[in-house]
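The sequence and the structure are shown first.

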Amino acid sequence: MSSKTTDDTSTEDRSRPREEELVHFRIVRFMMESGIKLRMTSVPMATAAIIYHRFFSMCRLQDYDPYLIGMTAISLASKVEEEHLKIRNVINVCYRTRQKDKPPLESQTELADLRQAMANCELLIMRTLGFNVATELPHKYLLHYLKSVADWMDPGLWERAPIRDTAWAMLRDLYHGKVCLQHKAQHLAVAVLYFSLLCYGAEVPLNNQAETKWWKVFAEDITEEQIKHIIEQIMDVYDMERRM
C-alpha cells in the first residue's frame, strides 16, 4: 500500500510542471518584458536571468519576493555588463510592467522605499553568489557558429529559412528555465543551432560523410545525445509557456 502511494505520487509529480518552475518562468518573462522597455541588449538581459536563476538555485522561493529579486537582477546585470541603468528607471518600468492597470509611481516615499529595498537585495544577491556574478554566455559562440554554418550552407536555403532568427529566439527563450545553468555556453549554442536546423529540415552539407560531425567542430566534448537532451529541456520551457 505504501509503495503504491509512493508510485502514484511520483507519477503525479512527473506529469505536472512544478509550481515553482512556473513562477520562475513568469518572473523571467516579466524581466524580459521590462528589459525590452528599458532598451537592454540581449547580453545583460541574459545575465539578469542567470543571476535570478542562480540565486533561487541556492535559496527557497517562499523566503523571498521573486519580483524584487528579478528587478534587482536587472539592475545588477546592467552594471556587470556595463550598460548602466538608472535605478529610478528600473523601478518605474518594472512597476508598470507588473502593475499595468495602476498609475505610475509618484510618491517619493514609495520610490525611496523601493530603492532601499533594491540596495539591500543587491547586497543579499552578491553575498549569496559569493560576489561572483560574472558568467560566460553562449551569445558569442552562437554568433561564430552561425557565421560558419552560413558559409557551409547553400546561400539560397540560408536566406529562405529563418534559421539565424530562430536560433537567437530559442537562445533568448531558454533563459526562462534553469537549462541556462546546467550546460556549458558552447553546448547551449550548438544545441539551439542544431534545433533550428532541425526545425527547417536543413542539413549541413556532407555531414553524414564527414569523419567529424559539424557540432564536434564547434565543441569537441559534446555528443549528439547531449544535444538532444538540451533540446528536450528547451521544449520543456515552451511547454511551460503553453501551461501558463
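## Second largest pocket

The lining of the second largest pocket comprises seven nonpolar, three polar and two charged residues (Ala, Val, Leu, Ile, Met, Phe, Trp, Tyr, Cys and Pro count as nonpolar, Asp, Glu, Lys and Arg as charged, and the others, Gly among them, as polar). The model is predicted: local features need pLDDT of at least 70, side-chain atom pairs count only at pLDDT 80 or more, and totals for chains, interfaces and linings use all residues. Residues are numbered from 1 along each chain as its sequence is written, and side-chain values use heavy atoms, with hydrogens and water left out.

The volume of this second largest pocket is about 230 Å³ (the space filled by probe spheres set on grid points, which are joined across faces, edges and corners). On a 1 Å grid over the protein atoms alone, a pocket is an open set of points where a 1.4 Å probe fits, with protein on both sides within 12 Å along at least five of seven lines; lining residues have an atom within 4 Å of a point. Among the lining residues are Tyr 194, Glu 203, Asn 207, Trp 214, Trp 215 and Glu 224. Helices α10 (185-199) and α11 each supply at least two lining residues (helices are DSSP runs of H or I, at least four residues, numbered from the N terminus). The most is given by α10, with three residues.

## Aromatic pairs and cluster

The structure holds 11 aromatic pairs (rings of Phe, Tyr and Trp, the last by its six-membered ring, with centres within 6.5 Å; planes over 60 degrees apart count as edge-to-face). Trp 214 and Trp 215 pair edge-to-face, at 5.7 Å centre to centre and 80° between the planes. Trp 214 also forms an edge-to-face pair with Phe 218, at 6.0 Å and 70°. These two residues are four apart in helix α11 (residues 214-218), and are therefore separated by about one helical turn.

Trp 214 and Phe 218 are both buried (under 20% relative accessible area, 1.4 Å probe, protein chains only). The relative accessible area is 6% for Trp 214 and 7% for Trp 215, which is buried as well. One aromatic cluster is formed by Tyr 141, Tyr 145, Trp 152, Tyr 194, Trp 214, Trp 215 and Phe 218.

Thr 97 lies in helix α5 (residues 87-98) and is buried, at 3% relative accessible area. The side chains of Thr 97 and Ser 34 are joined by a polar contact of 3.3 Å (N or O atoms within 3.5 Å, of which, within protein, one must be able to donate a hydrogen and the other to accept it; residues adjacent in sequence count only if both atoms are side-chain atoms).

Arg 98 lies over the face of Tyr 67, at 3.8 Å from the ring centre (NZ of Lys or CZ of Arg within 6 Å of the ring centre and within 35 degrees of the ring normal).

Note on methods. Phe/Tyr/Trp six-rings, centres within 6.5 Å; stacked < 30°, edge-to-face > 60°. Buried < 20%, exposed > 50% of the residue type's maximum accessible area, 1.4 Å probe, protein only.
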